[in-house]
Amino acid sequence: MYLLASCFGRFHTGSFSCTITLMFDFHEERLAFFLQTRLEPFTLKDLLRFVGEPLSEIFAMEVSSFLSFHQLAYTDSDAPDLNDVWISRLALFTGKPCVIVPDRTELSAGVFFPGSRLVPFTNPGILPHELTFRFKGKLLPRVRVEVSYTEVSHHYSLFGEEYTPQYLALDNEENDGLFSVEGFEIPSRFVLSAVDFRQVYWNSGFSPGDRILATQYDWTAGAFDIEILPASMIDAEKKERWMHAMESSLEIAFGRNGTGSSIDEQLAHAWFLGRNTLFSPHAATMDEFLSWSKRIAIEPYGVETRLWFAGQDIPSQKSWVMPMANSGENILDEAFLHLGLPLNTFLMDSYIFDALFRGEKNVDAALARMVPSRYLGKGVSLPMVAQSMAIRFHIEMNRYNRFADHERGQLRNRFVDLHNALMLFLGEMEFSRILPDSIPEQGAVILGQIMNHTVSSLFNLDFPQNDEPLDYESMWASIEGMEDSFFETRTMIQELMPELLKRRFSVIKNKKENHCNE
């Protein structure tokens, strides 16, 4: 398993600026502002007018796909239309109560560990230790508490078990050094930033069986109001109906959006689908729901986890072509899409920067790495790609400083090599006509996840979204782990190739025989 830090943090948890820039040429800041401030329902016509784009069906289709894919807003309509009514995720969850049940550790210490317990009610771009809470109008302070991994890890389960150590490491500077990226070791004891809940538990009549309602009042800041829900006000029958409704909403969400990009996305979509029932003070916590449900569970998904049908393997993608890296923003991106390559203009620039770091004097070698020979005969797109790449290469060559790029360049070189190796192997698998879902141990899923994380890492390296220094140590550990994971997965598939090919030919033979007998 590889370290997932490369696309962790703001990018992994939904950096709005990253996703906007990657998709298409809308006015990013205006679109971000609209979706992060709009509390009323809106139409695509409202949104396009606000960002200054034409009121056309083509733009309606593009923005509809973008909003749905990134779970930034929701609609009940299946076909995009300028007059469809949407609601932003901010509006969906602002002012709605999230139920919390404190555990014994928290009650005895007078604290609250937010973890992932406010998912999906909180902005996914805000880390747990950055959330703030008010009780009776007063801001509750933070306190440092020494804990063990077993005492708190379950509070982070909705981020995915695979990400828990990284959230704990990001809690404070001391933890960053304790959670070793080299040995993947979990310290026996460490300090977490908890919310001081003594005023809530000890001085406000809180009794065993009572619950906490956390109501988000500022999406951008990650701010919540806290109130006590007495046990006498909880209706057991309504809670049972709520759990049945959540089960149904998740099953519908699985059918519409599959695994999504995270458990957070899956839950947000489910809450939208069941919004008339699920927003209730009689709701169960997700821990309670998952303990109760026989149909829904957290299941492994490659090197990650997702909510899924209990006991069932999450299906692989249907094709080896991985368009998740394509932005479709311009004609060059359309060319990459036509070639069937997991590339976009941003990745092309990374290949150019890498060529300059290698000391290459022209674009030929970089183009050969970026577009493997298997794809050279695919239509008329390649000359346009080559010409565009050559122009960009000469522009960047005139201002490139290898000395200043040394550390970044070494790391970029490793990620570019991994991206290239992934493209070559995925091309081989596509050519073999072996379907991804025939690969055991979710090998195809793992390859897709490594590709996603490689693309994210290159974007973070070459197009940082803020002035914060890059965490080179974590990124070096990440690339090493990803390389190991890719090698292990590729080796496993290669060893199985004779059997997989034999099965494929058997299936083709049986289909031909059945066709002849008809």
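**Charged side chains in a predicted model**

The side chain of Arg 412 makes a polar contact with the side chain of Asp 462, at 2.9 Å. A polar contact here is a pair of N or O atoms within 3.5 Å; within protein, one must be able to donate a hydrogen and the other to accept it, and residues adjacent in sequence count only if both atoms are side-chain atoms.

This is a predicted model, where local features need pLDDT of at least 70, side-chain atom pairs count only at pLDDT 80 or more, and totals for chains, interfaces and linings use all residues. Residues are numbered from 1 along each chain as its sequence is written, and side-chain values use heavy atoms, with hydrogens and water left out.

Arg 412 and Asp 462 also form a salt bridge, meaning a side-chain nitrogen of Lys or Arg within 4 Å of a carboxyl oxygen of Asp or Glu. Arg 412 lies in helix H19 and Asp 462 in helix H20, so the pair ties together parts that are 50 residues apart in sequence. Helices are DSSP runs (H or I, at least four residues), numbered from the N terminus.

Is Arg 412 buried or exposed? Arg 412 is buried, because its relative accessible area is 2%, and buried means under 20%, exposed over 50%, partly exposed in between (1.4 Å probe, protein chains only). Asp 462 is buried too, at 13%.

By the salt-bridge rule the count is 24. One of them joins Arg 89 to Asp 264, with the closest N and O atoms 2.7 Å apart. Those two residues are 175 apart, in helices H5 and H12.
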